[in-house]
Structures are given as C-alpha cells and as structure tokens.
Amino acid sequence: VLKVKPDSGFAKVHLGFILKTDDSKYEEAAQLLSEGIATREEGVIDGRFFFHLGDALYRIGKQDEAMKVYKDGVQEGLFLSEYQRSLYNVNGLTGKPWWDPMKTTYAPYFKILEKNWEAIRDEALSLTNEKNSGFLPETEGLQDRGDWKQFELFARGRKVEKNCLKAPKTCSIISQLPDAVNCKRGQVKFSIMQPQTHVWAHTGPTNCRLRSHLGLVIPEGTSIRVATETRTWEEGKVILFDDSFEHEVWHNGTVSRLVLIVDFWHPELTAYQKKSLTPI
C-alpha cells in the first residue's frame, strides 16, 4: 500500500505495528507509527498504535518521548492514565498501582496463601528440579535480557489439569480462592527468574484484575517498579498491585527468584460483570 500511497497514515501505523510486534525493529517501527498517527487519518488514533509507539520509543532509550506519547493517549481518551494503559477496561473501577492486601475483601485469601507458603514453595522447588518440569519461557517479548519461565496452574478461569497433577497441594490451596480460580481475565502460575534478568516496563491488558505475588525464594538484588514506586518481595508474604499500570522487574542477584502469581477479579466488579466479561 505504501508503494502506491506513500503518505498513507493508515498503512504506516499498521506496518509499524507489525515491525514492532513481529520483528522487534523498534526504531523503524517508531518512525512509521509516529508519522502515521500524525496524519490523524481515520483509524490511526487507536490505543494499540499509541501503546506500541510508546513501547518502541522506551526500548530504544527515548523514555521522555514515550511518556509524551502516553500522555497524548490520555488526552485522546485511549488510556486511563499515562501509567495505566490497559486496553480492555471496565469504567469506574478504582485504579491505583499498589494495594494493601490486608485492606481488601480478599484479606482472608491472602492469609491462606501466607499460612501455606512453605508447602507451596517446596512443591514449586520440586518442579524446578525435574528435567521436564513444565516451566515454559515467557513468550510475549517482555524480556530485555535474562531467563524468565512460568508454570501455569489456572488460566482464564480454568484449571490447567496436567500441571495441577504435578502441583496438587498448591492447586488444592488455590481452589479455596474462588475469585482467583474463576478469574477469566487472569492466571495463577509459578514464576521463576534467573539472575541478571530485566523485564521491560509493560502493562497488563485489563483493569479488571489485581495481581498478587507470594514470595517463595527471594534473593537480594530483586525489585519491581509499579508506576513510580519500586518495592521488593519477602518470603512468605503477599504483595498486591494493579498490573494494568506500567511495571518493570529487575533481578540483579545471584540465585533464582521464585514467586507464585495469583490474579483476582477487581474487588469492585459485580457478580454479573464477573460472569459476563470475556476471557483474556
């Protein structure tokens, strides 16, 4: 299309999108996305294009320009805020980067996780020692460097049966948490990260969930930033954040970091919304 219509903004944003998501050609993608959006042609003022333009700029070291794109996206009504950039949202839900897990309606669930953390840790560690453990590499292109693998137990409101057979204690514990088990827009999974791993700043797809991490093996030198605040994990304790906000992870330690990720429906969703929302 660009050969016939070299100034087509619609063609530029779509080619830029492909170069960024499929080929990781960030500089070329950023130029095409920027030029295409600037035309303001029909179809180019779209959250996906602003999202990936900002991400491409960030990955080539142009963080200030990326943040300007995100702010422009807010002005266009595409993002909830410059840091909260999920694209599949329910209006009116409280949005804040960090939550106090014990000041939510899910506090009893978090107490169950913390009470059983050692059993969960031991089961996860036994899996990591298996030759064919079932841990799979992260596949969304979020890693800058390093090694980051995951072992899914529940996904989009369904149990991953073959993996729960390998982790029966953990799955039995999770089965006591209905707003995690039935969260069609979330997952429950072990996450293991090796030293010298960096995960690019990114956002989750929806504001309909909160993401908890139960610390299982937490070496020094590990941290997570959500929006503008950076924290770390603690073994046996839950941290809770809204992953529709930009977040970034560093592992500068010397041994593996292991956590259990448990997503819950946003506590302000109604029963009808939980039932009717489509899986992600």
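Colleague: Is K149 buried, partly exposed or exposed, and at what relative accessibility?

Modeller: This is a predicted model; local features need pLDDT of at least 70, side-chain atom pairs count only at pLDDT 80 or more, and totals for chains, interfaces and linings use all residues. Residues are numbered from 1 along each chain as its sequence is written, and side-chain values use heavy atoms, with hydrogens and water left out. Buried means under 20% relative accessible area, exposed over 50%, partly exposed in between (1.4 Å probe, protein chains only). K149 counts as partly exposed, at 27%.

Colleague: Which residue forms a salt bridge with K149?

Modeller: A salt bridge puts a side-chain nitrogen of Lys or Arg within 4 Å of a carboxyl oxygen of Asp or Glu. Here the closest N and O atoms are 3.0 Å apart.

Colleague: Which residue meets D263 in a salt bridge?

Modeller: The N to O distance is 2.7 Å. D263 is buried at 0% relative accessibility. Its partner, buried at 10%, is R211.

Colleague: How many salt bridges are there in the whole structure?

Modeller: Some share partners: R85, R225, E246 and E248 are joined into one network. D72 and K68 also meet in one, at 3.1 Å, N to O. A search of the whole structure finds 18.
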